[in-house]
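Please read it alongside the sequence and the structure shown here.

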Amino acid sequence: MIVGVLNQKGGVGKTTLAVNLSAELARAGERVLLIDADPQGSALDWAAARQGEPLFSVVGFPRPTIHREIAQLGSGYDHVIIDGPPRVTDLARSAIMAADVVLIPVQPSPYDVWAAEEVVKLLDEASVYKENLKSAFVINRRIAKTAIGRDVGEALATYPVPVLRAGITQRVVFAEAAAQGLAVYEIDQSGPAAAEIAAVAVELKEFAT
């Protein structure tokens, strides 16, 4: 499974989602490669902050040739997660063309819902070349017990892209884990953040098949 995590709007928690999904898949005993295709290199920074053994492989590849080189890059891995660039560029198009599934993290704000249109347009363009390309929104950084956290799913329903049932709530543990190069489950294995990531991973696998 090759998953692109993409949204051209910055600050949506894209890298946090990509890193923790990679960790969750690796935790199940699968071989995972995380490709950091963001020129900012946040996933590489996360890997560099880590003290212990790596949970999975991380490589930087911010080049618009991912779709041509993905077979070689992903050789020997069960899953490849691509942490895409912020902004609609040739690099983003290449990441989409490389993927089987594109996950679009969206924060529960009207600006994020409006901005999602750009990614949906890109996916529409790509579907001409990749008929079997799948895509889904995942609500990220939802604020617990707020109306907008509940309503964002309805707002996204205007797009021809499904919304995953599982979503991620805004929690301090995500930032604490990132600062140490850890996955959230390494900080609190039975905590709600780890449970939410696990639920997204399960639904993603179901969606991809």
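Y111 and W114 are both exposed, in a model that is predicted rather than determined by experiment. The two residues belong to helix α5, which covers residues 110-127, and they are three residues apart, about one turn of the helix.

**Aromatic pairs**

- Across the whole structure, a search finds three aromatic pairs.
- In one of them, the rings of W46 and F56 have centres 5.4 Å apart and planes at 5°, so this pair is stacked.
- Because W46 belongs to helix α2 (residues 42-49) while F56 is in the loop between α2 and β3 (57-60), the pair ties together parts that lie 10 residues apart in sequence.
- Both W46 and F56 are buried.
- Y111 and W114 also form an aromatic pair, in this case edge-to-face, with 5.6 Å from centre to centre and 90° between the planes.

**Charges over rings**

- The charged end of R27 is placed over the ring of Y185, at 4.2 Å from the centre of that ring.
- R63 lies over the face of F61, and here the distance to the ring centre is 4.2 Å.

**Packing of α1 with α9**

- Helix α1 (residues 14-27) and helix α9 (residues 192-208) have axes that come within 9 Å and cross at roughly 75°.
- On the α1 side the contact is made by L17, N20, L21, E24 and L25, which meet I197, A198, V200, A201, L204 and K205 of α9.
- Sorted by class, the contact of α1 with α9 comprises eight nonpolar residues, one polar residue and two charged residues.

**The site of G181**

- G181 is found in the loop between α7 (172-179) and α8 (184-187).
- With a relative accessible area of 0%, G181 is buried, as the cut-off for that term is under 20%.
- Leaving aside residues up to four places away in sequence, G181 touches W46, A49 and R50; W46 is also a member of the stacked pair with F56.
- G181 and L44 are separated by 137 residues in sequence, while their C-alpha atoms are 9.6 Å apart in space.

Terms used:
Residues are numbered from 1 along each chain as its sequence is written. This is a predicted model: local features need pLDDT of at least 70, side-chain atom pairs count only at pLDDT 80 or more; totals for chains, interfaces and linings use all residues. Side-chain values use heavy atoms; hydrogens and water are left out. Rings of Phe, Tyr and Trp (its six-membered ring) pair if their centres lie within 6.5 Å; planes under 30 degrees apart count as stacked, over 60 as edge-to-face and the rest as tilted. Helices (H or I, at least four residues) and strands (E, at least two) are DSSP runs, numbered from the N terminus. Buried means under 20% relative accessible area, exposed over 50%, partly exposed in between (1.4 Å probe, protein chains only). A charge sits over a ring if NZ of Lys or CZ of Arg is within 6 Å of the ring centre and within 35 degrees of the ring normal. Axes are lines fitted to C-alpha atoms, for helices over the stretch in contact, and angles run from 0 to 180 degrees between N-to-C directions. Contact means heavy atoms within 4.5 Å. Ala, Val, Leu, Ile, Met, Phe, Trp, Tyr, Cys and Pro count as nonpolar, Asp, Glu, Lys and Arg as charged, and the others, Gly among them, as polar.
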